Amino acid sequence: LRVAVLISGSGSNLQALIDAVEGRQLPGVEIVLVISNKASAQGLQRALKHKLPAAYIPWKKREEAEQQILSLLQLFRADLIVLAGWMRILSAEFTSQFPQRMINLHPALLPDDSGDTYTTSDGSVIPALRGLHVIERAIEAGLKVTGSTVHYVIPAVDAGPVIGRAEVAIEPGDTPDTLQEKLKSQEHRLIVEAVRAYAEQVHLVAPAQ
Ligand code: GRF
């Protein structure tokens, strides 16, 4: 399975995937390309350190950037695209070209449907936070629990079939920074599991030739 990872920042989830591949925890998976829309993204350095092809695509005009990304994805024959801390909204024209082939990591709990609420494991109903600044919004809303979701990408933003979730308690004194760290440590596990499940599924459907 040839995986491309799109990032905008620190790339700790990219690192989790790199570590899992290098540690042979993702058999059959290869990271073939890393793309960032920010030149200064620490994730680009991580990619280079591990000798992975890495590209910076400036996001000035969306259409142009998407065209460049598309060309690279084709050139590197990516089977699966992982949005791991990718902070730009991709157009429907773009995402619809990768049905069931693009997954996103979102730092809030999203429901199975397109509804506006999520029911946590202890039965509390909380708002399904989509879009930007969801970590801050979870704290401001006084939520006791939030989490992260990994899901397939569909044209609607932060929606699409859910692959996995992890709940994280918001404790008194949590700040956006402390909460983000807690979420990330769950995400590192979630994203690796999602890619593993995807790779296994692909194998079931199409055995390696
Ligand atoms: C993650 O928390 C992800 O959910 C959000 O951005 C963060 C990316 O972190 N969309 P990193 O760049 O992988 O460290």
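Me: Let's say a residue is near a molecule if its C-beta atom, placed from the backbone, lies within 6 Å of it. How many residues surround the ligand?

Reply: The shell around the ligand has 16 residues, and the closest are Ser 10, Ser 12, Asn 13, Gly 85 and Pro 107. Keep in mind that this is a predicted model, where local features need pLDDT of at least 70, side-chain atom pairs count only at pLDDT 80 or more, and totals for chains, interfaces and linings use all residues. Residues are numbered from 1 along each chain as its sequence is written.

Me: Good to know. Which elements give two or more residues to that shell?

Reply: That list is H1, strand E5 (102–106) and helix H6 (176–205). Helices (H or I, at least four residues) and strands (E, at least two) are DSSP runs, numbered from the N terminus.

Me: And where does the largest share come from?

Reply: From H6, which supplies three residues of the shell.

Me: Changing topic: how does the model score?

Reply: It has an ipTM of 0.97 and a pTM of 0.94. For the protein chain, the average pLDDT (the predictor's confidence in each residue, from 0 to 100) is 95, and 96% of the residues score at least 70.

Me: Nice. What does the secondary structure of the protein chain come to?

Reply: There are six helices and nine strands in the protein chain. Its C-alpha atoms fill a box of roughly 45 × 40 × 35 Å along the principal axes.

Me: How much of the chain is buried?

Reply: Of its 209 residues, 37% count as buried. The cut-offs use C-beta atoms placed from the backbone: 20 or more others within 10 Å is buried, 12 or fewer is exposed, and anything in between is partly exposed.

Me: Is strand E1 mostly covered or mostly open?

Reply: Mostly covered. E1 spans residues 2–7, and five of its six residues are buried.

Me: What does E1 pair with on the E2 side, and in which sense?

Reply: E1 and strand E2 (residues 30–36) are parallel, with six bridges between them; DSSP needs at least two for strands to pair.

Me: How many bridges does E1 make with E4?

Reply: Four, and that pairing is parallel too, with E4 covering residues 80–83. Here Val 5 faces Val 82 in E4.

Me: Back to H1, then. Which of its residues are buried?

Reply: In H1, the buried ones are Asn 13, Leu 14, Ala 16, Leu 17, Ile 18, Ala 20 and Val 21. Asn 13 also turns up among the residues closest to the ligand.

Me: What follows H1?

Reply: Arg 24 comes after H1, and its phi is positive, near 60 degrees.

Me: Where is Lys 51, and what is its phi?

Reply: Lys 51 sits in the loop between helix H2 (42–49) and strand E3 (54–56). Its phi is near 60 degrees, a positive value in a residue other than glycine.

Me: Buried or exposed?

Reply: Lys 51 is exposed, because it has 7 other C-beta atoms within 10 Å.

Me: And Arg 77: where does that one lie?

Reply: Arg 77 is in the loop between helix H3 (62–75) and E4. Phi of Arg 77 is positive as well, near 50 degrees. Arg 77 counts 10 other C-beta atoms within 10 Å, so it is exposed.
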